[in-house]
Amino acid sequence: MKFMRLIWVNLLRNKRRTLLTVLSVTVALFLFTTLRSVVTALDAVSEVGSEARLITRSATGITFALPQSYLERLRAQEGVQSVSWANWFGGIYVNESNFFAQLAIDHETYLAMYPEMAIPDDQRQAFLNERTAVLVGRGLMERFGWTLGQNVTLQGTIFPGDWDFTIRAVYVPDDPSFGDQLFFFHYDYLYEGVNGNIIPGWYVIQLNDPGAAPAAIDRIDRMFENSSSPTKTETEKAFNASFVTMWGNIGFLVKAIGTAVFFAILLVAANTMMMAGRERIGENAVLKTLGFQDGLLFRLVLVESVLITLLGGALGVFASKLAFGPGNPVSSFIQGFEVAWSTVILGLVMATLLGMISGIVPAWQAMKLPVVQALRRVA
Amino acid sequence: MALVEIQELTKVFYRDSQKIPVFDGVNLEMEQGEFLSLMGPSGSGKSTLLHLLAGLDKPTSGMIFVGGAHVTGMKRKELAAWRAQHIGFVFQFYNLLPVLTAFQNVELPLLLTSLSGRERREHVMMALDVVGLNDRSDHYPRQLSGGQEQRVGIARAIVSDPTIILADEPTGDLDAKSADEILELLKRLNEELNKTILLVTHDAHAAEKAHAVMHLDKGVLSR
Amino acid sequence: MKIPILYNLRSLKERPASTLTTAAGMALVVAVFVAMMALANGFRSALMKSGSPNNAMVLRKGANAEMYSGIARSTASTIAGMPFVARGTDNQPLSSPEVFVVINLDRLTGGLANLVVRGVSPRAMQVRQGFEIIAGRELQPGASEILVGEKIVDRFANTGIGDKLSFGGRAWTVVGHFSAQGSAFESEIWAENEQVMPVFRGEVFQSVTFRMADPGSFEGVKQQLEEDPRLFVDVFRENEFYQNQSVILTQILNFIAIFIAGVMAIGAVFGAINTMYAAVSSRAPEIAVLLTLGFKPGNVLSSFLIEAVAIALLGGIVGCVLTLPINGLVTSTTNWNSFSEIAFAFRVTPGLLVSGLVFAALMGFVGGFFPALRAARQPVVVALRQG
């Protein structure tokens, strides 16, 4: 566009002002992108999980365990390919702030059900064969600097005492929202350690056909409805989603802050464009005298405004994407926390919108500028 | 038809509810290649006449034709496009864009055409050559003297080969020597390149450079 | 001789668009800052108010949350009989062995919540201080009755007086609502411990909470109980226990508040800098006149600084006012330490509002500093010529 030179020199007219405005937008979009990523990451966690896997837990609450006898009755259900189970261990590694999820699993059946975890064959065998072996996510290895074969001790809280493990396998999830900071060990080890005083925390059921899920859910829960431990069965997706809701109304909070941030920066950008506009009244009058159309001036101001915000916005959005790459600290709380490309694009769109809105008043004023009066003022 | 025809032109300004008549039923004709100056006391409406001719303002009544085009009948958008092609304006305070070089300032009217970058360059250098400033083409206005700035202003006014050049007190802000140079330049443009020029001034000495001098006083135009 | 503040205030009126947009930007930053700190404040205060320093809480050794603990009946009676346990007016020990379970109920606003059901002894409300039945009546022993904490009422279905809430395979009648000074207990459901125990926990309590006869002797009490080979327990001051439970979430909330407000502040300060530079450059002639009149550069500096701070404070006041409506708004999240729902109210305190204003003033000062410096250093002659 041949008018780019004109727009460019206008931007450079007051370098400090342009730079500060660009940086303001950078900072705001960095924040906006990061906040939005919290929402998208939590949403992604709700999406993780197979439709063909069901979780059966106690209807009273997630923290209540289920009778061992349920295993055979679940296996006998039609359409069920396999049944496994797991328990929440809740141990402490060194100190309480090193939080990560530890699960005691029925190792053979559980691992077979989760092809999402990519594990080298030799490590898989080593994990399955050794009673005190641990399967650990890659993120956890990096976080604590663990190595294969290393011994790790956890202090039990629900199951008191010190528990020793050896890291025999590392998994990489094919979907980051699955979480790469999980710690799996043998249920049998736990069972022995508490002298058999333990029953499954929840059952995981692999169905042959995901379409059979609703019917299976209904059957299972009705089967146990009047027993001492009524169950609540749901798809794994639904189960994960309900965990996310425990956080509370994060979505609303993030949206509210995001809106405030957007408007705060809009004001800064609009102020800049207005100041620039005021300075150029005389020049705009001259341009119109030379024959520049009203509409052209409108577009020139708008393009200038969008260039500022888009540049600032791009810097902020990409800074956020880089800052929260794989293994970032937030991913210990929120699995797979990252800045998705869809968020990047949304950020750029917001930046463009920001430019258009902040430039609209000065653009309008330039368009509507009454030339003769403006010329008089210059003279 | 003459190159410029002003028929029964009337302009009344309104400030708050007060009516301020500027001129009433003014008539004027200019031929191609004429160099005319217009004198009158301040507030007599000389600049207003130029603005009306350039289509920057609309008269209360009357008609203006320039080069056969019915200026007073055109709509805003048409006027802008027409003005870019047919009017060259020279201002008292030069009105160059301080962020652009001399070259880029002169190039501005050409951005509104469909000329290629190379073609624009040719025209700009030619215009700067005519006003004798091609060695200063990449200087910024702040690096130029008042006289040089005005020469750039004139180059800008002729670069798109307009039908008529309107000069509003072009020497008003210059010292005597620079003012003289500018007036000589305008005279040369008229004599050598056959440019039609309407010069508005309150300086009798400047006015005399033209073929003829007209007076505008109390809304009445007289030779 | 100081430049009259009136000059600055009048100047603000001369450029209303710039002043207002800058102030509005500051207002939003301050509003977000105060709102987030109010959130963190509300959470912290809910947990700080939970528990009393005069009470001791006993859990099984190694359990860092009530849910993971298990205390036998015999242990509970042994503790109750100890001399350091305070006695009530009826000369019975002020000791409450309690059952703690977490059930899942759906919030009326959507989503799943982990609600605490606390099986309490009849003396629970005496052992703890600051509890009040605000509707209905106390629990009757031997009945399937529950008391519902103030923060749960209206946020979950079937929590009105007379309603029946089902969980654990039984229907429980709501006989009363209670308040507990805004503490975490207000997010709990209370029933009689003997009723809850068989339904959920077999023959085990999760905790024993008792009033200390001499709160100052806590260290001694702790030592005695923890070293007793029969018992296998950990002892905490009740309030310290709950404060520790809030560690992760408080850290998160504080970090978020500071991060967000800090980042927004940077943006707002940049905006203020732009506004002030524009103000300084457009008023160069005036500044020159002031200097000519005999005002010192130092006066000019402070004058413009005051102006910047004034704009910021204007924004700060508006921002603070904007946050007032959220005071008392109840929101909830899951305290991952105790794996239970905690509902708390946003707490906008006068102290917080003041810090919001101070924050605004700081932003104005930082934003106005370099422009003010330029104004002060302006060479007089240049400015006069410009005029």
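Predicted model: local features only at pLDDT ≥ 70, side-chain atom pairs only at ≥ 80, totals over all residues.
I'll start with chain B. It holds seven helices and 10 strands. On overall form, the radius of gyration of chain B is 17 Å, close to the 17 Å from the globule rule for 223 residues, so chain B is as compact as a globular protein of that length. If you take the principal axes, the C-alpha atoms of chain B fill a box of roughly 50 × 40 × 35 Å.

How much of chain B is buried? Of its 223 residues, 48% are. As for how chain B contacts itself, take the contacts with a separation of 6 or more: 69% of them are between residues 24 or more positions apart.

Next, chain B against chain A. Chain B puts 22 residues into this contact, and chain A puts in 18. Which element gives the largest share on the chain B side? That is helix α2 of chain B, residues 76-86, with six residues. By class, the chain B side has 14 nonpolar residues, with four polar and four charged.

Now the contact of chain A with chain C. Here 41 residues come from chain A and 48 from chain C. On the chain A side, the elements that give two or more residues are α2 (15-47), β6 (151-156), α9 (236-245) and α10 (250-279) of chain A. The largest share is from α10(A), at 13 residues. Sorted by class, the chain A side comes to 23 nonpolar, 15 polar and three charged residues.

Last, a helix pair inside chain C. Two packed helices are described by the angle between their axes and by the distance between those axes. The pair I have in mind is helix α2 of chain C, residues 16-48, and helix α10 of chain C, residues 297-323. Their axes lie 6 Å apart, and the packing angle is about 45 degrees. Angles under 35 degrees would count as roughly parallel, and 65 to 115 as roughly perpendicular. α2(C) and α10(C) are therefore oblique to each other. What is the hand of the crossing where α2(C) passes α10(C)? It is right-handed. Which residue classes make up the contact of α2(C) with α10(C)? There are 17 nonpolar and seven polar residues, and no charged ones.

To go back over the two chain contacts: helix α2 of chain B gives the largest share of the chain B side facing chain A, and α10(A) gives the largest share of the chain A side facing chain C. That's all I have.

Terms used: Residues numbered from 1 in each chain as written. Chains lettered and ligands numbered in written order. Contact = placed C-beta atoms within 7 Å. Helix = DSSP H or I, 4+ residues; strand = E, 2+ residues; numbered from the N terminus. Nonpolar A, V, L, I, M, F, W, Y, C, P; charged D, E, K, R; others polar. Axes fitted to C-alpha atoms, helices over the stretch in contact; angles between N-to-C directions. Parallel < 35°, antiparallel > 145°, perpendicular 65-115°, else oblique. Left-handed = near helix turned anticlockwise from the far one by under 90°. Rg over C-alpha atoms; globule rule 2.2 N^0.38 Å. Buried ≥ 20, exposed ≤ 12 C-beta atoms within 10 Å, placed from the backbone.
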